[in-house]
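Please read it alongside the sequence and the model.

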Amino acid sequence: MSILNKSEPVVALAGNPNTGKSTIFNALTGLKQHTGNWPGKTVLRAEGRFVHKDKVFKIIDLPGTYSLLANSAEEEVARDFICFARPDATVVVTDATCLERNLNLVLQVLEITDRVVVCLNLIDEARRKNIEIDVTGISKELGVPVVPTAARSGEGLKFLKDAIYDVAVRKRYTKPLKIEYDSELEKAVKNLESKLLPLIPKHLNPRWVALRLLDGDTAIIEKISGCFTGDLCFKEGVFSKECFRYEGL
C-alpha cells in the first residue's frame, strides 16, 4: 500500500553504491520506513518519512546505481522514478573520499531535474585522508546546494534537511550546470528538442529526452507512451506521482 500523500513533498535518494546512501536514509527516517520490491522487479524498494520544520516529507531510497542509462533493472528504476514521478527534490549522495567518480551520476540527474541537492557524505573520512573539498566552489559550479555530511555520526544532517526543505518547497531555486556538447551534437539536440516539445508532456525535460534518443535509447519512447496513456490521471502536477501510485511504485 502506498503511503503517498499529495501534501507531503516527495524526496528521492539516489547515489552510487557504497556512498552511505542507506545510512543517510536510516538517519533521516529512523523507524518510520518500510521495504518491499519494485513492481515486476527483484529490486529492493525502501520508503519512509521524516519531519522537518513541521513538514512531513516522504523519502524514497532508490537503488544504488552508477548511471541512469537504464542498462540494468536498478538503473531503470532510479531513472524512471526521477524522470516520471517528478520528486520534489532529489538528493544525490556522493562519497567525499572519491567525489570525482560520483559526479557522473550527479550530472546525469541534473540533466533530468533542477530540484537537486548533492550530499557530500563520508566527509569525516575525507578529512582523515587530508582531502580538502571546496564545498562552496562545487555548489557554485553545479548550481545546486552541496551539503557535507557524516551520516554515521549525524554530522551535517540538519543542514541536509534544511537544503531538502528549501528545494522541495521552492524556497530556493536552483540553476543546475548543463553540459554543453560539441556544436554538431548541440545542433542536433536543439533540432530534435523543438520537434519533441509539442509531443511530450510539458513537465518532461525535452532536452533530456532528445539526448536519450540521440544516444539510441528508443525504449524511452515506449516508457513515455506507457506512462502517459490509459486511465491514469493526466493532470499537470498530479499525474506523474499518481502514475507511480497506481503502478505501485
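Is Tyr 165 buried or exposed? Tyr 165 counts as buried, at 18% relative accessibility, where buried means under 20% relative accessible area, exposed over 50% and partly exposed in between, with a 1.4 Å probe and protein chains only. The model is predicted, so local features need pLDDT of at least 70 and side-chain atom pairs count only at pLDDT 80 or more, while totals for chains, interfaces and linings use all residues. Residues are numbered from 1 along each chain as its sequence is written, and side-chain values use heavy atoms, with hydrogens and water left out.

**Aromatic pairs**

- Rings of Phe, Tyr and Trp (its six-membered ring) pair if their centres lie within 6.5 Å; planes under 30 degrees apart count as stacked, over 60 as edge-to-face and the rest as tilted.
- By this rule there are three aromatic pairs.
- Trp 38 and Phe 81 are edge-to-face, because their ring centres are 6.0 Å apart and their planes stand at 75°.
- Trp 38 is in the loop between strand S2 (33-37) and strand S3 (44-52) and Phe 81 in helix H2 (residues 73-85), so this pair ties together parts 43 residues apart in sequence; helices (H or I, at least four residues) and strands (E, at least two) are DSSP runs, numbered from the N terminus.
- Trp 38 is buried at 2% relative accessible area, and Phe 81 is buried at 4%.
- Phe 57 and Tyr 165 also pair edge-to-face, at 6.1 Å centre to centre with 65° between the planes.
- Phe 57 belongs to strand S4 (residues 55-61) and Tyr 165 to helix H6 (residues 157-168), 108 residues apart.
- Phe 57 is buried, with a relative accessible area of 0%.

**Charges over rings**

- The charged end of Arg 45 sits over the ring of Trp 38, 4.8 Å from its centre (NZ of Lys or CZ of Arg within 6 Å of the ring centre and within 35 degrees of the ring normal).
- Lys 53 lies over the face of Tyr 165, 4.8 Å from the ring centre.

**Strand S6**

- Six of the six residues of strand S6 (residues 116-121) are buried, so the rest of the structure largely encloses S6.
- One side of S6 carries Val 116, Val 118 and Leu 120 and the other Val 117, Cys 119 and Asn 121, all buried.
- Strand S5 (residues 89-95) runs parallel to S6 and is joined to S6 by six bridges; strands pair if DSSP finds at least two bridges between them.
- Val 93 stands opposite Cys 119 in S6.
- S6 also pairs in the parallel sense with strand S7 (residues 146-148), over three bridges, and Leu 120 has Pro 148 in S7 as its bridge partner.
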